[in-house]
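This report describes the fold, confidence and surface of a single protein model. The sequence and structure are shown first.

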Amino acid sequence: MTAIAWLLPVALGLGLLGLLAFNWALRSGQMDDLEGAAWRALDDAPLSKTPMQDQAATEAANGSGSR
């Protein structure tokens with residue numbers, strides 16, 4: 001009987017926590033574009049360079065490397 005007294009509030013608390021997390025995700029726009037990520041994964045366009053790669057390419061072109 002003591003197990004039910006502990007498990008019932010814990011289960012209700014976890015359910016409430018899940019409901020609050022889902023509500024936060026809806027309000028913060030986490031589920032606004034459900035199809036966009038799927039189409040971007042299938043896109044064959046080349047990936048863009050990272051800022052570090054961009055900086056390295058600029059330094060190499062200017063001859064001002066880190067050597």
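This is a predicted model: local features need pLDDT of at least 70, side-chain atom pairs count only at pLDDT 80 or more; totals for chains, interfaces and linings use all residues.

The mean pLDDT of the protein is 83, and 81% of the residues reach a score of at least 70. By element, confidence is highest in H1 and lowest in H3, which covers residues 51-62.

| Helix | Mean pLDDT |
|---|---|
| H1 | 96, the highest |
| H3 (residues 51-62) | 73, the lowest |

Helix H1 takes in residues 2-27. From its first C-alpha to its last, this 26-residue helix reaches 38 Å, close to the 38 Å expected at 1.5 Å a residue. Just after H1, glycine 29 adopts a positive phi of about 85°.

How many of the 26 residues of H1 are buried? The number is 1, so H1 lies largely in the open. Isoleucine 4, which lies in this helix, has a relative accessibility of 55% and therefore counts as exposed, the cut-off being over 50%. Isoleucine 4 also belongs to a nonpolar patch on the surface, together with Met1, Leu8 and Leu12. The accessible area of these residues together is about 510 Å².

For the protein as a whole, buried residues make up 3% of the 67 residues.

Methods:
Residues are numbered from 1 along each chain as its sequence is written. Side-chain values use heavy atoms; hydrogens and water are left out. Patches are made of residues with over 30% relative accessible area and no salt bridge: like charges are joined within 9 Å, nonpolar side chains (Val, Leu, Ile, Met, Phe, Trp, Tyr) within 5 Å. Accessible areas come from the Shrake-Rupley method with a 1.4 Å probe; for residues, only the protein chains shown count as cover. A salt bridge is a side-chain nitrogen of Lys or Arg within 4 Å of a carboxyl oxygen of Asp or Glu. Helices (H or I, at least four residues) and strands (E, at least two) are DSSP runs, numbered from the N terminus. Buried means under 20% relative accessible area, exposed over 50%, partly exposed in between (1.4 Å probe, protein chains only). pLDDT is the predictor's confidence in each residue, from 0 to 100. The expected span of a helix is 1.5 Å times one less than its number of residues.
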